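Trainee: Please put the model up, and I will ask about its ligand shells, strand pairing and helix packing.

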Amino acid sequence: MTCCHWPAPAKLNLFLHITGRRADGYHLLQTAFQFLDYGDQLTVTVTSSPEISVTPQLSGVANEDNLIYRAAKLLQAATKTSLGAQIALNKQLPMGGGLGGGSSNAATTLVALNRQWQCQLSDSALAELALKLGADVPVFVYGQAAWAEGVGEILTPITPPEAWYFVVIPNCQVSTAEIFSDSELTRDCEPIKISRFLKGEGRNVCESVVRRRYPEVAEALDWLAQYATAKMTGTGACVFAEFETEAQARQAWRQLPEKWQGFVAKGCNQSPLRQAISGNRDCMR
Ligand SMILES: C[C@@](CO)(OP(=O)(O)O)[C@H](O)COP(=O)(O)OP(=O)(O)OC[C@H]1O[C@@H](n2ccc(N)nc2=O)[C@H](O)[C@@H]1O
Ligand SMILES: Nc1ncnc2c1ncn2[C@@H]1O[C@H](COP(=O)(O)OP(=O)(O)O)[C@@H](O)[C@H]1O
């Protein structure tokens, strides 16, 4: 039995604009994804029988809804392999935090099983499967920091500065669907060019809606703003600030009120999953 450990890193949305809406109600976005050297870990063991097992069970998520299970089933059906897998998840990332934990788990499952089952699907074939699982899953499959358009699936690699981040985790989970259905959400941002983002333009348009619906996220943003510009990732709930050095990020982290959790991590333009594939075993903290 081959057993391998695989990273499933977090992402940040460095900004998030909504430029319109598709006929099916999905929102057209402009966003920039960067990975963190912090996240979950999957241990994948291939089995000769076709069952897929995922442990431990996630609270509030039925096993058939777990994105790890769904990703494995999707790859099994697409490749008609007779093999199965036992997948153990070491969960570090908060759920509904805007750090993309579920999407990253799904992408790591696809990439890992594609290798361990020896399916030999290309990255673009995997990304096509990934999009069926969620708008954010393809970027984790490619594992390259990206400018994203469409619903998040039209990806252009970018190399923003690999800053140090202090991420604060408020004690609430935000449902992406709930924020995208709020009538006050700004949906008519003028499209911007990558160069304008790289010069510092861009904000997270979901922030004002989440601030109103989740006062604890507003409190965390206001608290973090004492140390550096505070931003929200995705549709929240996590908020982050950027620092030039690890020491500066840790200095702010040491002041974190006891009621919240948080962590310091480095931004990576190549995801820890891709780094692990290229042989770097120390890519996650
Ligand atoms: C907003 C973002 C930004 O990175 O991240 P999160 O905060 O969720 O991490 C993503 O686009 C989220 O992508 P993902 O988390 O995969 O969302 P999905 O499961 O595909 O969608 C959840 C629900 O949100 C709405 N939705 C999602 C994406 C989108 N572009 N337009 C939408 O209107 C739809 O109602 C959908 O049913
Ligand atoms: N393996 C998984 N890890 C996390 N969440 C999962 C997983 N499988 C399904 N989900 C569901 O996806 C939702 C969004 O999770 P997640 O990706 O962590 O947050 P976000 O999209 O806010 O970054 C969770 O609230 C949960 O119901």
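The questions below go through the ligands, the strands and the helices in turn.

Mentor: This is a predicted model, in which local features need pLDDT of at least 70 and side-chain atom pairs count only at pLDDT 80 or more, while totals for chains, interfaces and linings use all residues. Residues are numbered from 1 along each chain as its sequence is written, and chains are lettered from A and ligands numbered from 1 in the order in which they are written.

Trainee: How many residues surround ligand 1?

Mentor: A residue is near a molecule if its C-beta atom, placed from the backbone, lies within 6 Å of it. The closest here are His-27, Gly-134, Thr-176, Phe-180 and Gly-234. The count around ligand 1 is 20.

Trainee: Which elements give two or more residues to the shell around ligand 1?

Mentor: Elements are DSSP runs numbered from the N terminus, with helices (H or I) of at least four residues and strands (E) of at least two. Two or more residues of this shell come from each of strand S1 (3-21), strand S2 (27-47) and helix H5 (176-180).

Trainee: Which helix gives the most to the shell around ligand 2?

Mentor: Of the 20 residues around ligand 2, Leu-67, Met-95, Gly-101, Gly-102 and Asn-105 come nearest. Helix H1 (67-79) and helix H2 (101-116) each supply at least two residues. With four residues, the most is given by H2.

Trainee: How many polar residues does the shell around ligand 2 have?

Mentor: Ala, Val, Leu, Ile, Met, Phe, Trp, Tyr, Cys and Pro count as nonpolar, Asp, Glu, Lys and Arg as charged, and the others, Gly among them, as polar. Seven residues of the shell are nonpolar and one is charged. The polar residues number twelve.

Trainee: Over how many bridges do S7 and S10 pair?

Mentor: Two strands pair if DSSP finds at least two bridges between them. Phe-166 has Val-264 in S10 as its bridge partner. Strand S7 (residues 164-169) and S10 run antiparallel, and the number of bridges is six.

Trainee: What is the angle between H2 and H3?

Mentor: Axes are lines fitted to C-alpha atoms, for helices over the stretch in contact, and angles run from 0 to 180 degrees between N-to-C directions. The axes of H2 and helix H3 (residues 123-133) are 10 Å apart, and the angle is about 145°.

Trainee: How many nonpolar residues are in the contact of H2 with H3?

Mentor: Residues are in contact if their C-beta atoms, placed from the backbone, lie within 7 Å. Ala-106, Ala-107, Leu-110, Val-111 and Asn-114 in H2 meet Leu-126, Leu-129, Ala-130 and Leu-133 in H3. One residue of this contact is polar and none is charged, and the nonpolar ones number eight.

How values were computed
Contact = placed C-beta atoms within 7 Å.
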